[in-house]
Amino acid sequence: MPPFTRNAIKQSFWKLLSVKPLSKITVRDIVDDCGINRNSFYYHFDDIPTLLNEIMKDEGERIISNHTQDSVEECLNEICKRLLENKKAILNIYNSLGREVLVHSLMKTCEFLTEWYLMELKEETDENTRRAVIHFAKCFFFGMAIDWMNTGMSESIFSYNHQMCRILECGVREFLASYSEKEG
């Protein structure tokens, strides 16, 4: 089957997520919206959770691959901007039983952001310390994102990102400085 059918299914599903909760979307809704039959849907996807998982994986990879910012704050703001463009769909996923797919995709994106941001640690620290700092920062960004979704995804996130990135940056620098002193 042509790949445009698979993409049409994804686009219809994403569109439907913007207007109704995930739990209310059926395969019938999707196939009616994109003008295909049920068999075509099941040729491409086992079920709606499989479709959701692929869409979230695609979105996470798109955000990561389009990363062209110079700072972690710029990258974080770009991620937030992309999420805000799809706010209704994201909140419909987040407030549903399909939330674990969104959470998994978000965690992968936070891990990428953190590893990119802390790349310079490769030469400054041992592997265990570097992994610990990356784990801490990943959880820091992930916690920020979950809290943001819990509170309705306000657009004030951009000024908040600035403050949180400064806190993280200062904390990591202070930790590494104190760690270097103890080691040296």
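**Note on the predicted all-residue model**

1. Among contacts (heavy atoms within 4.5 Å) between residues at least 6 apart in sequence, 71% join residues at least 24 apart. The model is predicted: local features need pLDDT of at least 70 and side-chain atom pairs count only at pLDDT 80 or more, while totals for chains, interfaces and linings use all residues. Residues are numbered from 1 along each chain as its sequence is written, and side-chain values use heavy atoms, with hydrogens and water left out.

2. The protein has ten helices and zero strands, taken as DSSP runs (helices H or I, at least four residues; strands E, at least two) numbered from the N terminus. Its C-alpha atoms fill a box of roughly 70 × 35 × 30 Å along the principal axes. Of the 184 residues, 43% count as buried, that is, under 20% relative accessible area with a 1.4 Å probe and protein chains only.

3. Helix α5 (residues 72–85) packs with helix α9 (residues 127–150) at an angle of about 30°, their axes being 13 Å apart; the axes are lines fitted to C-alpha atoms over the stretch in contact, and angles run from 0 to 180 degrees between N-to-C directions. The two helices are therefore roughly parallel (angles under 35 degrees). V72, L76, C80, L83 and L84 of α5 meet F141, M144 and W148 of α9.

4. T109 lies in helix α7 (residues 99–117) and is buried, with a relative accessible area of 6%. The T109 side chain reaches the backbone oxygen of S105 at 3.0 Å.

Technical notes: Buried means under 20% relative accessible area, exposed over 50%, partly exposed in between (1.4 Å probe, protein chains only). A polar contact is a pair of N or O atoms within 3.5 Å; within protein, one must be able to donate a hydrogen and the other to accept it, and residues adjacent in sequence count only if both atoms are side-chain atoms. Angles under 35 degrees count as roughly parallel, over 145 as roughly antiparallel, 65 to 115 as roughly perpendicular and the rest as oblique.
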